[in-house]
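Colleague: Could you take me through one part of this model slowly, ring by ring and helix by helix? I'd like the cut-offs as you go.

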Amino acid sequence: MTATPEQLLQEARAGDAATLGRLLENYRRYLSLLARVQVGQRLQGKVDASDIVQETFLDAHRNFPRFRGTSEAQFVSWLRQILAAKLATMLRHYLGTQGRDVRLEREIENALDRSSVMLDRGLVAVQSSPSHQAARREQAVILADALDQLPKDYREVLVLRHLEGLTFPEVAKRMERSLDSVDKLWLRALARLKQIMGAGE
């Protein structure tokens, strides 16, 4: 039986470095997706999202003893804060500004939170019960993993439309496709994603 994120957190807290590595690896696709949206909007291809995620993991590994949370949602939130700080540092570097900018970090953190919530809005049915609301962040992680299983163009159309919030004409332009083909691609991608999500239940 696969260990839950909470069990992995407990083992990692007991000093098991290999378990911490495994735990972090569970969030690579999720963080990469969030970083990719921010990099795409702010740094136009100057930075590789995977490098930022790797730096986030190094920081998380180093600072894990200070993490006090016990749930997956708290851990994911903590990882997003580290990712926001890394993205802010990268942005300052490319903008040529000096010193830490807490306002910029907070702005990026808020943008990452919004992206995380948008991950499942419009991609799966919005749940309304309190228990489903509590699981929303974890759902975003599951969705990021499911998106990673899609063919590249399916993933691209969903990310551009739902995470970057582009209109269909903007998606068509970015993907260098006709509006009609993007519309059909989006419908096929959604259907495939729902199949993957259904298989995972």
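Modeller: Tyr27 and Phe75 are both buried (under 20% relative accessible area; over 50% is exposed and in between is partly exposed, with a 1.4 Å probe and protein chains only). Bear in mind that this is a predicted model, with pLDDT of at least 70 needed for local features and 80 or more for side-chain atom pairs, while totals for chains, interfaces and linings use all residues. Residues are numbered from 1 along each chain as its sequence is written, and side-chain values use heavy atoms, with hydrogens and water left out.

Now the rings. Those of Phe, Tyr and Trp (its six-membered ring) pair if their centres lie within 6.5 Å, and planes under 30 degrees apart are stacked, over 60 edge-to-face, the rest tilted. That rule gives eight aromatic pairs. Tyr27 with Phe75 is an edge-to-face pair, with 5.7 Å between the centres and 65° between the planes. Tyr27 lies in the loop between α2 (17-25) and α3 (28-42) while Phe75 belongs to helix α5 (residues 72-95), so the pair ties together parts 48 residues apart in sequence. Helices here are DSSP runs (H or I, at least four residues), numbered from the N terminus. Ring pairs also join Tyr27 and Phe75 with Phe64, Phe67 and Trp78 in a cluster.

On to α2, which ends up against α4. The axes of α2 and helix α4 (residues 49-63) come within 11 Å and cross at roughly 140° (lines fitted to C-alpha atoms over the stretch in contact, with angles from 0 to 180 degrees between N-to-C directions). From α2, the residues involved are Ala17, Leu20, Gly21, Leu24 and Glu25, and they meet Phe57, Ala60 and His61 of α4; contact means heavy atoms within 4.5 Å.

With 18% relative accessibility, Lys86 counts as buried. Setting aside neighbours within four places in sequence, Lys86 is in contact with Ile52, Glu55, Thr56 and Asp59.

Last, hop over to α3, where you'll find Arg29. Arg29 has 39% relative accessibility and therefore counts as partly exposed. Once residues up to four places away in sequence are ignored, Arg29 touches Ala144, Asp145 and Asp148. Arg29 and Asp148 are 119 residues apart in sequence, yet their C-alpha atoms are 7.0 Å apart in space.

Notes:
Helix = DSSP H or I, 4+ residues; strand = E, 2+ residues; numbered from the N terminus.
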